[in-house]
Amino acid sequence: MESQKAPENHPKQRVVCCIGDVHGYITKLRNLWSNLEAQIGPPDFAAALIIFLGDYCDRGPETRHVIDFLVNLPHKYPNQAHVFLAGNHDLAFAAFACVLPPPPDWSPASATWGEYAASEGREGWYRGEGFEKMHLQGRRWGGSIRDRFNTAKGMEYKGSIYDSGPTFESYGVPHGSADLIKALPDEHKKFLADLVWVHEEDDVCIETEEGIKHCKLIAVHAGLEKGKGVEEQLKFLKARDTRVPKVEALSGRKNVWNIPKELTEYPTIVVSGHHGKLHIEGLRLIIDEGGGFENKPVAAVVLPSMKIVRDTDVLAK
């Protein structure tokens with residue numbers, strides 16, 4: 001009897017979930033989490049790499065509950081790996097709470113104000129207790145914008161240029177109050193202090209028409225700047241250099257939309273949130289369908305399948 005050849009064993013690829021901007025909507029986050037677990041299956045989900053793309057706070061009413069959910073994940077899912085990227089909103093929240101890493105040269109936080117000083121009056125920068133030691137983005141975050149109508153979004157600002165009013169209120173203090181710092185639980189301060197500005201993975205797989213493709217993955221809230229060397233940018237982002245008043249990779253728009261050309265030499269996924277859009281083009285993944293709007297979903301992309309999962313999905317039981 002002729003022996004049969006044993007089938008080849010292909011190692012199962014680890015599931016990677018990249019979750020878009022939550023912006024203070026705890027019910028959306030919980031529903032999305034449940035849908036991800038149902039879609040992926042509990043065993044694979046329990047061992048997945050979960051990358052949160054930033055902007056946990058502002059706009060939605062329940063930032064405190066969102067951060068509670070996030071800080072508890074390592075205890076509830078000990079076999080998952082969790083990456084919490086800083087979004088521009090989170091960096092500003094951390095700046096107001098005075099938990100940003102100190103600049104490498106120990107320069108004063110006020111050194112970040114000068115370049116944007118002409119905007120202080122219009123944006124109503126925070127001038128309350130402790131403002132002298134606050135990074136620019138913390139002052140913008142805790143301030144009160146003069147013109148209350150946001151013409152770009154067609155709605156009222158919620159307190160500051162960052163729509164931070166609901167975040168203050170979620171901790172039981174009025175918008176712009178220095179009491180927020182006292183109201184923040186220590187574990188929330190640590191969460192904000194520990195947020196990373198970029199995350200890299202050397203071997204992430206995606207399904208393509210040609211089959212499974214092995215890629216490098218770079219996750220950063222807004223994207224990588226064009227016209228600057230990638231290694232230089234990654235070094236800066238890993239160092240979390242707070243001498244810079246505005247971090248383009250966390251807050252830029254058109255200049256961080258595309259994958260830098262030098263990354264095309266080796267297939268590299270660049271995944272971001274931030275842009276208020278769901279955009280998949282080749283290996284450039286932008287996962288921010290919600291944008292902080294109440295009536296829009298929070299989305300995630302699952303790798304290697306490239307499946308989009310939303311909090312609004314109604315999955316068959």
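1. Two strands count as paired if DSSP finds at least two bridges between them. In this predicted model, strand 8 (residues 268–272) and strand 10 (residues 284–287) pair in the parallel sense, over three bridges. Within strand 10, Ile286 is the residue that stands opposite Ser272.

2. Is Lys216 buried or exposed? This lysine sits in strand 7, which covers residues 211–219. Its relative accessibility is 18%, and the cut-off for buried is under 20%, so Lys216 counts as buried.

3. Which residues does Lys216 touch, leaving aside neighbours within four places in sequence? Its contacts are with Glu200, Glu201 and Asp202, and also with Tyr266, Pro267, Thr268 and Ile269.

4. The next point concerns a pair of helices. Helix 1 (residues 26–40) packs with helix 3 (residues 63–76) at an angle of about 35°, and their axes are 8 Å apart. The crossing of helix 1 with helix 3 is left-handed. Helix 1 contributes Ile26, Leu29, Arg30 and Trp33 to the contact, while helix 3 contributes His65, Val66, Phe69, Leu70 and Leu73. Sorted by class, the residues in this contact are seven nonpolar, one polar and one charged.

Note on methods: Residues numbered from 1 in each chain as written. Predicted model: local features only at pLDDT ≥ 70, side-chain atom pairs only at ≥ 80, totals over all residues. Heavy atoms only, no water. Helix = DSSP H or I, 4+ residues; strand = E, 2+ residues; numbered from the N terminus. Buried < 20%, exposed > 50% of the residue type's maximum accessible area, 1.4 Å probe, protein only. Contact = heavy atoms within 4.5 Å. Axes fitted to C-alpha atoms, helices over the stretch in contact; angles between N-to-C directions. Left-handed = near helix turned anticlockwise from the far one by under 90°. Nonpolar A, V, L, I, M, F, W, Y, C, P; charged D, E, K, R; others polar.
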